[in-house]
Amino acid sequence: MHPAFSVIFLTTLIGVGQGLFLALYTGQLYSLANLLPPQDSRSFYAFGGVIAVAFLIGGLIASFFHLGRPERAWRSASQWRTSWLSREVIVLPITVVSIALYSGLHFIGWTGPWFTVAGVLPVDATLVAGGLAMIAVLLLFVCTAMIYACLKFLQEWHSWLTVVNYLLLGSASGFMLAAAFSAWQGVGLVGFYGAWAAILTLAAFVTRGASLLRNRRLRHKSNLQTAIGVRHNHIVQMAQGATGGSFNTREFFHRRPRQVTRGIRIAFLVLVFPVPVVLLLLAYLTSSATLPVLAFVLQYLGLIAERWYFFAEARHPQNLYYQYVS
Amino acid sequence: MTQLALVIDLNVCVGCHACVTSCKEWNSYGEAGPMTDFNTRGANPTGTFFNRVQTYEVGEYPITETVHFPKSCLHCEEPPCVPVCPTGASYKRKEDGIVLVDYDKCIGCKYCSWACPYGAREIDEKQKVMKKCTLCVDRIHDESLPESERKPACVMACPTSARLFGDVHDPHSEVSMAIRESGGYQLMPEWGTRPANHYLPRRKVRMTIHKDELQRADNPLKKEGELPALPADAQTLDEISSW
């Protein structure tokens, strides 16, 4: 497939936003359980929520560049019964609104407990709003990934690994941003978020590596014989029906030499996985406040490369019909 | 239920592109609107087409065959492009099985083209909406046309009658009989899309001539030598026939 930067930015930016919210909410749950010191509602949770919302809206804006007719985008929520894209269009604003609500409740300080569960867990408005937002975030990960995973003849994508990768890579980058955010804020949560970011990054390494290995061994079901229905071992296209290019030749193949795709694969494998973890370790050892920020930025750049490769790697069967310009 | 479709006979397609040009001509004006072309006199002309004829060489020299392969939307019975459309712009008509795009609803997200394994959908780079073969839906139901012309423009234009048009669900239709009797097949059956359009394979016609057939039994010019003389009282052809 031809990687479109609008989609690359959409999926990576909302992944960061979703992951950052998950990190904030995890931090709140930990401090409820007295495993972490409580944080300031306004400067930490509310401000963190604003950053998460900013990333999600950034992704939303990027998505409009993918549309030929963005003025009609409102129509795209209508087919939620069948289309994962439509479901994403619905869940994305719900996620934004629910994280904004979570952030707003923290900002106005509605943190007085409503009731207490089993005498130990005080439930307040932010906990309920955050719980709803968490469900929306997880649904959004599934919707975004299923847009790609549901296309069965794009065999590179048609796997549960796609969903797990979107979830883990988005969460890892969000926790990485949470570590950078805590370092920048000077709160003592860099170690906590950094450790989770490293764990999620390693988990994502395992599943992304698994999908790379799976795709390397993939046998494509379609070939030129099934494409035109001629049973012969030796078929060569002589003309594809157009002398110049067409939508079909531009949209479905990246047209980059093999060295470029290999270079981008190596780049993302280095930038997404080992580099941020090493930087976090160095930050932990040196108590640096800038290294976690650097770790997040480098991992995000790596994720752009990762998403580029995700698209470039998928071989669309329609390319079988467009192999030669005479 | 009706399922209109094309049946394309690869045995007689000569790759003249008449279907391509007549398709573009018919679908470029009127209600359908343009199928935009760009850079038409430049080195890399490009544009939107509903129908393209591709050419394949099958076999290795000297035993080769050229297969001309016209491809347009196959109007699948399980169209993968329809359920993925977020706006409902892509739809399959219940009454005749034609898969269509509502250009006024399409947002140009290209997701349906990703979901089509055949590459049958092309975005119009000017109008920024997805376009595809409509089976000339505006022709085939037009009561003002004579019955014989209620066919897609490509079918009307084909000089070798390589394209048949009709209802593949009607077992007595011309297309159903052609599929049954000539071994019609579908493209990429592995994905379960059940394309309505079928292709008829190339057929080899071989003649076996035996040695005794080389000498004509009836030999008025005596080219291969004298025939044995008839008995004197033998009836001639004139005497046994009635006229």
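I call a residue buried under 20% relative accessible area, exposed over 50%, and partly exposed in between (1.4 Å probe, protein chains only). Helices (H or I, at least four residues) and strands (E, at least two) are DSSP runs numbered from the N terminus.

I note the ground rules: this is a predicted model, where local features need pLDDT of at least 70 and side-chain atom pairs count only at pLDDT 80 or more, while totals for chains, interfaces and linings use all residues. Residues are numbered from 1 along each chain as its sequence is written, chains are lettered from A and ligands numbered from 1 in the order in which they are written, and side-chain values use heavy atoms, with hydrogens and water left out.

**Entry: strands of chain B**

I started with β1(B), residues 4-9. Six of its six residues are buried, and the strand is mostly covered. I checked the side-chain directions: B:L4, B:L6 and B:I8 point one way, and B:A5, B:V7 and B:D9 point the other way.

Next I looked up the partners. Two strands pair if DSSP finds at least two bridges between them. β1(B) and β10(B) pair in the antiparallel sense, over five bridges. Within that pairing, B:L4 stands opposite B:D167, and B:V7 has B:L164 as its bridge partner. β1(B) also runs parallel to β11(B), residues 198-200, with three bridges joining them. There, B:D9 stands opposite B:L200.

Why is β10(B) largely enclosed by the rest of the structure? Five of the five residues of this strand, residues 163-167, are buried, so the rest of the structure largely encloses it.

**Entry: pockets**

Rolling a probe the size of a water molecule over the atoms shows where empty space is left. I used a 1 Å grid over the protein atoms alone; a pocket is an open set of points where a 1.4 Å probe fits, with protein on both sides within 12 Å along at least five of seven lines, and lining residues have an atom within 4 Å of a point. Grid points are joined across faces, edges and corners, and a volume is the space filled by probe spheres set on the points.

The largest pocket has a volume of about 1,000 Å³. Its lining has 38 residues, and the closest to the centre are A:E156, A:H254, A:A312, A:E313 and A:R315. In chain A, α6 (190-216), α8 (247-251), α9 (258-272) and α11 (291-313) each supply at least two residues. I sorted by class, with Ala, Val, Leu, Ile, Met, Phe, Trp, Tyr, Cys and Pro as nonpolar, Asp, Glu, Lys and Arg as charged, and the others, Gly among them, as polar. The lining of the largest pocket has 15 nonpolar, 13 polar and ten charged residues.

The second largest pocket holds about 430 Å³ of space. Of its 22 lining residues, A:S63, A:L67, A:L85, A:E88 and A:V89 are the closest to the centre. α3(A) gives the largest share, five residues. Chain B takes part too: its α3 (111-114) supplies at least two lining residues. By class I get 17 nonpolar, four polar and one charged.

**Entry: rings**

I paired rings of Phe, Tyr and Trp (its six-membered ring) with centres within 6.5 Å; planes under 30 degrees apart are stacked, over 60 edge-to-face, and the rest tilted. The structure holds 35 aromatic pairs over all chains. In one of them, A:F247 and A:F252 have ring centres 5.9 Å apart and planes at 85 degrees, so the pair is edge-to-face. A:F247 and A:F252 are both buried.

I counted a charge as over a ring if NZ of Lys or CZ of Arg is within 6 Å of the ring centre and within 35 degrees of the ring normal. B:K71 lies over the face of A:Y321, at 4.6 Å from the ring centre. B:R139 lies over the face of B:W26, also at 4.6 Å from the ring centre.

**Entry: backbone and loops**

Most residues other than glycine have a negative phi, and most peptide bonds are trans. The peptide bond from B:Y61 to B:P62 is cis, with omega near 5 degrees. B:P62 lies in the loop between β4 (51-60) and β5 (63-72) of chain B.

A:R255 has a positive phi of about 55 degrees. I found A:R255 in the loop between α8 and α9 of chain A. B:L135 also has a positive phi, near 55 degrees. Is B:L135 buried or exposed? B:L135 is buried, with a relative accessible area of 1%.
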